[in-house]
Each structure stands twice: as C-alpha cells, then as structure tokens.
Amino acid sequence: MHRRSLLGFAATALAAQALADEAKPLRLVLPFPAGGATDAIARVIAPGLSERLGQSVIIDNRPGAGGIPAAEAVVRSAPDGLTLLFTTSSTHSTGPAVTPRLPYDVVSDFTPVA
C-alpha cells in the first residue's frame, strides 16, 4: 500500500467517526413509567427538540425507587451532554429528604438546563 492510500484511509476513518459522533441521539431519561403525565410531556417535547437540535431524541423510561435509578444512570453516563434527566422535584428534593445515602449529589452532580 502506498503512503497516500494510508493517509486517505486514515482521513476517511476520521471523517466517518466525526459523522458517527454527530449522529448520536440525545437521551431523555425519565424516572417515571411510560404512559404517565411526565412521559406524555416528554413525548410532546421530544419531536421539537429533535428538529431544533438536528438529531434524534430517545426517551428512556426508568421508573421506580423514587427516581434514584434514573438519576444515577444519568450521573454515571458519559459527560458528553447527550444524556438528560427529565424529572420533577422527586429526585432532587424528595429523594434527599427521605433517602440519607443517595448514589449522587443533587447539587454538584447535575447541571440545570431548563
């Protein structure tokens, strides 16, 4: 293989990786079951968000345990801005009040978006 072929292959691979990164979907994690009020709101907002951002939006329902598993999944996700917690006060006010040892810190582990 010639040097130019190797450089061309490397450039193509890098360009493909950049396109793949752009195509990653945004994930909205909900600590509530599908079919509930919060899920309905998320499903109304998701198409407009997808259109505005130019990428797909996936709703990931993770109900149970007062929202702790959903919030923990978001905290443990890659810090790439592609995973958002779509929640109510349950994970950030009620959770700390009734659960003394949460697997996350409600102040330092999250950044409010809206």
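Two strands count as paired when DSSP finds at least two bridges between them. In this predicted model, strand β1 (residues 26-30) and strand β2 (residues 57-61) meet that condition, with 5 bridges in the parallel sense. The protein chain holds 4 helices and 3 strands, and along the sequence they follow the pattern α-β-α-β-α-β-α.

**Chain overview**

- The protein chain has 114 residues, and buried residues make up 26% of them.
- Its accessible surface comes to about 7,700 Å². Carbon and sulfur atoms account for 61% of that surface.
- Among contacts in the protein chain with a separation of 6 or more, 70% are between residues 24 or more positions apart.

**The sheet**

- The 3 strands form an open sheet in the order β2-β1-β3, with parallel pairing.
- Strands β2 and β3 (83-85) stand at the edges with a single partner strand each, so one side of each has no neighbour in the sheet.
- Direction ignored, neighbouring strands of this sheet are turned against each other by 25° on average.
- Helix α3 (residues 68-76) packs on the sheet and touches β1 and β3. The direction of α3 makes about 150° with that of β3.
- Strands of a sheet pair through backbone hydrogen bonds, in either a parallel or an antiparallel way.

**From β1 to β2**

- Within the pairing of β1 (residues 26-30) with β2 (residues 57-61), R27 stands opposite I58 in β2.
- Between these strands the chain passes through helix α2 (residues 37-53), and this β-α-β crossover is right-handed.
- D60 lies in strand β2. At 17% relative accessibility, D60 counts as buried, because the limit for that class is under 20%.
- Leaving aside residues up to four places away in sequence, D60 touches R27, L28, V29 and L30.
- In a regular strand, side chains alternate between the two faces of the sheet.

**Helix α2: T38**

- T38 is a residue of helix α2, and its relative accessibility of 14% makes it buried.
- The contacts of T38, not counting residues up to four places away in sequence, are L30, F32, F86 and T88.
- L30 is also among the residues that D60 touches.

**Helix α3: buried residues**

- The buried residues in α3 are I68, A70, A71, A73 and V74.
- Their cover includes strands β1 and β3 as well as helix α4 (90-98).

**Helix α4 and the segment after it**

- V98 is placed in helix α4. With 63% relative accessibility, V98 counts as exposed, because exposed means over 50%.
- V98 and G66 are 32 residues apart along the chain, and 9.6 Å separates their C-alpha atoms.
- D105 is found in the segment after α4. Its relative accessible area is 36%, so D105 is partly exposed.
- D105 and H92 are 13 residues apart along the chain, with their C-alpha atoms separated by 8.9 Å.

**The aromatic pair**

- A pair of aromatic rings is described by the distance of the centres and the angle of the planes.
- A search of the whole structure finds 1 aromatic pair. It is formed by Y104 and F110, whose ring centres are 5.5 Å apart.
- The planes of these two rings stand at 90°, so the pair is edge-to-face, the class for planes over 60 degrees apart.
- Y104 is buried, at 7% relative accessibility. F110 is also buried, with a relative accessible area of 15%.

Definitions and conventions. Residues numbered from 1 in each chain as written. Predicted model: local features only at pLDDT ≥ 70, side-chain atom pairs only at ≥ 80, totals over all residues. Heavy atoms only, no water. Helix = DSSP H or I, 4+ residues; strand = E, 2+ residues; numbered from the N terminus. Right-handed = clockwise from strand over helix to strand, strands pointing away. Phe/Tyr/Trp six-rings, centres within 6.5 Å; stacked < 30°, edge-to-face > 60°. Buried < 20%, exposed > 50% of the residue type's maximum accessible area, 1.4 Å probe, protein only. Contact = heavy atoms within 4.5 Å. Areas by Shrake-Rupley, 256 points an atom, 1.4 Å probe, with all protein chains shown as cover. Axes fitted to C-alpha atoms, helices over the stretch in contact; angles between N-to-C directions.
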